[in-house]
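Try each task before you read its solution.

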Amino acid sequence: MPSSTLTDLSAARLHVITGKGGVGKTTVAAALALALASTGKRVLLVEVEGRQGLSQTFDVPPLGTDEVKLVSHPSGGELWGLSVDAKAALLEYLQLFYKLGRAGTALEKVGAIDFATTIAPGVRDVLLIGKVYEAAGRPRGGRGGGKKGGDLHYDAVVLDAPPTGRAVRFLNVNAGVADVARMGPIKSQADSITRMLHDPRTLVHMVTLLEEMPVQESLDGLRDLADVGLHLGAIVVNQIREPRLTPAHLTALEGSDDDLDELLRTELTAAGLRPTGPMVKGLVQEGRDHAERLGLQDEMAKEIADAGPPVIELPALAGGIEEGGIAVLTDELLDQGVA
């Protein structure tokens with residue numbers, strides 16, 4: 001399975017982030033974009049699913065179709081955000097290639113835009129990625145003004161892509177439009193986007209948790225992405241739980257219930273507590289559940305390590321992304337050499 005090294009990650013122009021739903025894909029995309037911006041780069045962070053996950057992550061008003069500055073870093077770097085909407089992208093496309101003007105608005109009023117973006121998902125994906133393609137391909141020298149980017153040159157673009165189950169179809173745009181656009185502007189744009197996505201400077205990163213279903217879906221997704229010629233970046237293992245028990249405790253949990261009962265009663269009494277039967281039994285079960293969870297985590301970590309791509313590990317945040325959680329993940333990514 002072809003992959004890149006951590007050194008290659010910092011040189012990438014476009015970072016595509018995918019993963020099973022619920023693994024923290026958007027949070028990782030935001031932390032990666034911040035890490036890149038902290039090195040003095042101007043970075044664009046893009047979402048395409050309309051969930052406004054980025055506005056929630058950065059606690060800003062909902063993003064629109066204009067590029068908006070989210071963060072100015074002391075290093076001189078900047079983080080900009082963009083939420084790509086399929087309907088807006090189609091209207092822009094129709095104006096660009098067919099000069100529809102007010103006719104485009106009329107089409108939207110009668111539902112034709114919704115129909116077009118729903119009935120032809122391959123075309124919809126081309127339109128969505130087309131905005132990313134345009135931003136990633138801008139030449140150096142664009143300094144765009146004010147709060148909106150528009151013509152800014154970006155040193156890197158981070159795309160919060162759809163989940164693993166839809167990522168291959170979303171990124172394999174030529175196959176998506178094969179049945180509906182064999183020639184013309186849509187096909188030409190799909191070809192250009194395909195060249196960008198298959199460029200070695202475009203890397204697809206997989207976010208996962210150390211749990212059976214996310215790991216299996218991630219490994220299957222990595223193979224599918226490689227099969228269509230995309231370059232794999234890193235596997236980002238998110239929300240790693242630190243052991244709460246010492247090796248001695250884990251060994252003790254393998255003993256008999258009677259031995260554990262005596263041990264716990266002794267330790268609880270020494271701590272000034274008055275142990276009861278239900279309390280001791282509950283603690284033993286909780287300890288064994290935790291030991292089982294750690295064992296599964298180690299097993300899943302080995303499968304991830306054997307997959308081939310470099311692995312980045314991010315800790316579980318006790319307080320979530322609030323109160324500096326994104327900064328913690330950003331520092332972790334920088335420490336592990338992604339920027």
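A word on the ground rules. This is a predicted model, where local features need pLDDT of at least 70 and side-chain atom pairs count only at pLDDT 80 or more, while totals for chains, interfaces and linings use all residues. Residues are numbered from 1 along each chain as its sequence is written, and side-chain values use heavy atoms, with hydrogens and water left out.

**Exercise 1.** Work out which way the side chains of strand β5 point, and which strands pair with β5.

*Solution.* Start with the segment: β5 covers residues 156-160 (strands are DSSP E runs of at least two residues, helices H or I runs of at least four, numbered from the N terminus). Next, check burial: five of its five residues are buried, meaning under 20% relative accessible area, with exposed over 50% and partly exposed in between (1.4 Å probe, protein chains only). Then sort by direction: A156, V158 and D160 point one way, V157 and L159 the other. In a regular strand the side chains alternate between the two faces of the sheet.

Now the neighbours, where pairing takes at least two DSSP bridges between two strands. β1 (residues 14-19) runs parallel to β5 over four bridges, and V16 stands opposite L159. β2 (residues 42-47) is also parallel to β5, joined by five bridges, and there V46 has L159 as its bridge partner.

**Exercise 2.** Describe how helices α2 and α15 pack, and which residues make the contact.

*Solution.* First the geometry: α2 (residues 25-37) and α15 (residues 325-335) pack at about 60°, with axes 8 Å apart (axes are lines fitted to C-alpha atoms over the stretch in contact, and angles run from 0 to 180 degrees between N-to-C directions). Then the residues: T27, A30, A31, L32, L34 and A35 of α2 meet I326, L329, T330, L333 and L334 of α15, with contact meaning heavy atoms within 4.5 Å.

**Exercise 3.** Compare the salt bridges E78–K69, E211–R293 and R265–D261.

*Solution.* The criterion is a Lys or Arg side-chain nitrogen within 4 Å of a carboxyl oxygen of Asp or Glu, and the structure holds 15 such salt bridges. E78 and K69 meet at 3.4 Å, N to O. E78 is buried at 17% relative accessibility, whereas K69 is partly exposed at 35%.

E211 and R293 meet at 3.9 Å. That pair links distant parts of the chain, 82 residues apart: E211 sits in the loop between β6 (202-208) and α11 (212-227), R293 in α14 (residues 277-306).

R265 and D261 have their closest N and O atoms 2.8 Å apart. These two lie four residues apart in α13 (residues 257-270), so about one helical turn separates them. Both ends are partly exposed, R265 at 29% and D261 at 28%.
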